[in-house]
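Please look over the sequence and the structure shown below before reading on. The report that follows takes up a few features in turn.

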Amino acid sequence: MAEQNSHRSAAASAFPPPLAPISQSPGPRASRLNQVFEQALARTLRANSYANFAGCFPTPARHVPASLEGVWRQLNAKLEANAKAEFDDIVAERDAVSHLNELDRLVGDARARRDQEGENAEGQEKTVAHTLGAEDLYKAHLTPYLQEAQSTLNTRLEATHAENAELAQIVQAQRLEIERLLSRLGLVVSDIEGAATAATQFSRQHHIRQDAIQMDEEVNTRPGL
């Protein structure tokens, strides 16, 4: 029986304790949110002063200023009521108070852990600078600068690799274009050579024909033939 109880207590201790329920009352951040909204709404209402409102309606402002001021007050009151109602609806719809209270709790826990770790670190032995050797001091001072320089060089190297890859693509495209142009140029040269050969043959045949015509004319012009 005692062994069973010990097993149960060990199993129960293996699980973390349940979190405390989140309060629905506005915490520091929820209160600050309401304060910011109130301040923004107040600035908006101050901007819609009676002087600015009356400037938009100069004729009623001269003849019925009391009525115009009443309309202005009703308008501001309606604007304030609608803004507050819409703000409350958004806060309720998003469950903003609970989430902000949860954020307050998480920040408080993180600060508590940080303070606890700081207290634990204070109890540990600290390394004093003058107890380090020359090489350790050199590395300690130089390491941050070397890390920053390495990060900068890595960034530049990546940029250079990207530029080289882009240039390689451009060069490859230019090579293909040159090969295409050379192929076209070869076809043009072949056409020119063919045209030159044809022209030479035509010129030779033309000369032979001219010589035959000339000989025939000479024969015809001789007397007695």
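Is W72 buried or exposed? With a relative accessible area of 14%, W72 is buried. This value, like the others in this report, is computed from a predicted model.

## How helix 2 and helix 5 pack

Two packed helices are described by the angle between their axes and the distance between the axes. For helix 2 (residues 28–47) and helix 5 (residues 65–94), the axes come within 11 Å and cross at roughly 155 degrees. Angles over 145 degrees count as roughly antiparallel, and helix 2 and helix 5 are therefore roughly antiparallel to each other. The crossing in which helix 2 passes helix 5 is right-handed.

On the side of helix 2, the contact is made by L33, N34, F37, E38, L41 and L45, while helix 5 contributes N76, L79, E80, A83, K84 and F87. Sorted by class, the residues in this contact of helix 2 with helix 5 are seven nonpolar, two polar and three charged.

## Aromatic pairs

By a rule that pairs rings whose centres lie within 6.5 Å, the count comes to three aromatic pairs. One of them joins F37 and F87, whose ring centres are 4.0 Å apart and whose planes meet at 5 degrees, so the pair is stacked. Because F37 lies in helix 2 and F87 in helix 5, this pair ties together parts that are 50 residues apart in sequence. F37 is buried, with a relative accessible area of 17%, and F87 is also buried, with a value of 14%.

Another of the pairs is formed by Y50 and W72, where the ring centres are 5.7 Å apart and the planes stand at 65 degrees, so the pair is edge-to-face. Y50 lies in helix 3 (residues 50–56) and W72 in helix 5, so the pair ties together parts that are 22 residues apart in sequence. Y50 counts as partly exposed, at 24% relative accessibility, whereas W72 is buried.

## A positive phi at D95

Most residues other than glycine have a negative phi. What is the phi of D95? The phi of D95 is near 55 degrees, which is a positive value in a residue other than glycine.

As for its place in the chain, D95 is found in the loop between helix 5 and helix 6 (96–123). With a relative accessible area of 35%, D95 is partly exposed, because that class covers values between the 20% limit for buried and the 50% limit for exposed.

Terms used. Residues numbered from 1 in each chain as written. Predicted model: local features only at pLDDT ≥ 70, side-chain atom pairs only at ≥ 80, totals over all residues. Heavy atoms only, no water. Axes fitted to C-alpha atoms, helices over the stretch in contact; angles between N-to-C directions. Helix = DSSP H or I, 4+ residues; strand = E, 2+ residues; numbered from the N terminus. Parallel < 35°, antiparallel > 145°, perpendicular 65-115°, else oblique. Left-handed = near helix turned anticlockwise from the far one by under 90°. Contact = heavy atoms within 4.5 Å. Nonpolar A, V, L, I, M, F, W, Y, C, P; charged D, E, K, R; others polar. Phe/Tyr/Trp six-rings, centres within 6.5 Å; stacked < 30°, edge-to-face > 60°. Buried < 20%, exposed > 50% of the residue type's maximum accessible area, 1.4 Å probe, protein only.
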